[in-house]
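Please summarise the strand pairing in this model.

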Amino acid sequence: MKPKSVIITIIFTTITIFAFSEKLNIILGEYYPDVYIDNGKLEGFVIDILNEIEKNSDLTFEITVKNWTDAYDTFLNDENYDLIGLIAPTSERKMNLKFYKTVIFVDSFILTKYDNNQTYEELKKYPVGVLNGSFLIDVLKNEGFKDIRVYQTNENVISDLLNEKLSSAAIEDERIVSHYIIANNLKPNIRYVKVFESTPLTFASKKDSEKEEALQIFESTLNNFLKSDGFDLIKNLWVGISTSLSVERQKNINRLLIILIIILISSIVTLVIFYSRSREMVNIINKSNIKLRNSYKEISDLSHKNKELSEKLVKMYQIFYSFIESEDTKTILNNAIEGLVKLIPEAKAGSIGLITDHQWKIYAAYGFNKEIYNITIPLEKVIKVGKHVQEVHNLDSYNEDLSMENTNILTKSGATDLGSSLLMDLYSKERFIGNISVNSKENREFSNISKEVMEIFGRLIEIFIDLKFEEREAIEAYNYSLKKLSDVAERFDMETSEHMTRICEISYEIARNLGLEESFAQEIKTYAYYHDIGKILIPIEILRKKGSLNDSEWEVMKKHTEYGADIIGNAEIFKVAKNIALYHHERYDGSGYPCGLKGEEIPIEARIVAVADVYDALRSERPYKKSFSHEESMKILLEGDDRTSPEHFDPKVLKVFVKIAEKFKDMY
């Protein structure tokens, strides 16, 4: 084709594109990671989405970015703007705006500093910060907050919270808090006190827009894109794991590729022009092409390394996420050692050993048979290599002093004849608490990168175990306080700790036979002890009254469930304890108190304790009643009397109790 024809074709194509494309004016509120300005260029989750819509339609976008409040006010009052995003579809906004398919859901919440021990209700009396224009302002008013302070940026809200100028902060999106903490190199010194329902975010247009046809194209293209793999990639980039290093390297590769293409085009043009003039020029160009091919190979190698790095980042994310996702320490450490072995290419197996009662035991392992968990080594015979990673060859020589029993266990588990190993001691507050090792089946050297990865994981596991120790100490201290309060309450009520212990044992057996997880059953056993802790706030003259309570006294007595819930508090870790204290007098038929819950609205832990509590009350002597035998008590539970009816109890729980009740016959 002649050059003149090419130019005409390009001009015609350009005119055609502009003739059949339509521009939509979009305004966005600057809001990381949806949209932000980086070195004068717009970046972010929403920007990538709009770029993809432009590629897949005849639409073009003119984008304006302001702070969120100005962006929303401008959109409502300026007819030049056709779309706004991303925005939550509140009832008020739906009156004037048309909302499109949800792009993403975010959780909004109220947080405070970790060391602020005020309850959610107490925080309502103190200043709370929120972004100007946020839908959370109305939510805070409805929740009863008195001092609501409005800010122009979320960053200022979080800063004032951490600097104790605010008691709490209302944030629409958890990503904002994470980004602030990472960007400012801070420790996450915050806790959530209230999490609201997930909020959908999407684009919106005015209902009376004159660009209806273009907006329909936008809506159709958006809907199709949200179903595509391309959207999943963008979402994972901006909303999922942090891959900033990978992204930056990919950007560098893209820049190099662009430069490469430009150089190639220039070289080809130069070759065509000067080919006939100089063979020397041809040789120079050939040499340039060789260099270009070498450069391209280097870029390909870099791309391959970038892919490997991305895969490692994904594996590390999965391991770190398991620290949050699981509450079971053994599961977390098993996931960690499995992930570590998979990250270190030389390793085929690994284990974590911890010190318990002056004995070293395998707590988590990967790549060995299950017999490895049976090995127990005295503290003085444990291999110690120091706080940093050491490479060890012929590990069997370190185990020559072990007992024959332990040697046999190592052999059966496949933990002998190992080639090379990386070992590292674990410490908590300068106290040796165990070690971590990864093992190769061959005698080979571990790379420096593998040793660095091992070091990072060792530090991470130390931090995790430290936190678990602190958490356990805090829980034990809290449980000790609750137990003492419960003991005091029972003395006021002229009952005994044996009454509390029996209810714990009965509740535990019911939970186990219902098929609940052992950890949950243990929680129920522990916290059933505190079911009547609220009685400590009931007047003693009502608690010890020998006759029947009158109506007003009975209303006061029923308050012990709510008092108990207030004493235990709102911490998520004590949710089971609070549920038992608050709901153990609810009845399955809805006739109970304090909330009149019905059926499975009542938490299962409260339904279990309700059966145990009534059975124990029937078997126990009280000032106003004699004790009943086991047979009489079971008859009342199954057939009812003037106070008790089988309809009061969960049928499944009652059925299980009847099945195992014989074992409690001689407890009294």
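## Strand pairing

Two strands pair if DSSP finds at least two bridges between them. In this predicted model, strand 6 (residues 97-99) runs antiparallel to strand 11 and is joined to it by 3 bridges. Within that pairing, F99 is bridged to A204 of strand 11.

Strand 11 spans residues 190-206 and also pairs with strand 5 (residues 83-87). That pairing is antiparallel, over 3 bridges. Here I87 has T202 as its bridge partner. Strand 7 (residues 104-113) pairs with strand 11 too, in the antiparallel sense, over 9 bridges. There, I110 is bridged to K194.

## Around K66

K66 sits in strand 4, which covers residues 59-66. Its relative accessibility is 32%.

Leaving out residues up to four places away in sequence, K66 touches I27, L28, G29, E30, A71 and T74. G29 is 37 residues from K66 along the chain, yet their C-alpha atoms are separated by 5.2 Å. With T74, K66 makes a side-chain to side-chain polar contact at 3.4 Å.

## Confidence

The protein chain has an average pLDDT of 81, and 79% of the residues score at least 70. Residues 6-20 fall below 50, and this stretch has 3 contacts in the model beyond near neighbours in sequence. Residues 241-254 are also below 50; that stretch has 18 such contacts. Where pLDDT is low, the predicted coordinates should not be read in detail.

Technical notes
Residues are numbered from 1 along each chain as its sequence is written. This is a predicted model: local features need pLDDT of at least 70, side-chain atom pairs count only at pLDDT 80 or more; totals for chains, interfaces and linings use all residues. Side-chain values use heavy atoms; hydrogens and water are left out. Helices (H or I, at least four residues) and strands (E, at least two) are DSSP runs, numbered from the N terminus. Buried means under 20% relative accessible area, exposed over 50%, partly exposed in between (1.4 Å probe, protein chains only). Contact means heavy atoms within 4.5 Å. A polar contact is a pair of N or O atoms within 3.5 Å; within protein, one must be able to donate a hydrogen and the other to accept it, and residues adjacent in sequence count only if both atoms are side-chain atoms. pLDDT is the predictor's confidence in each residue, from 0 to 100.
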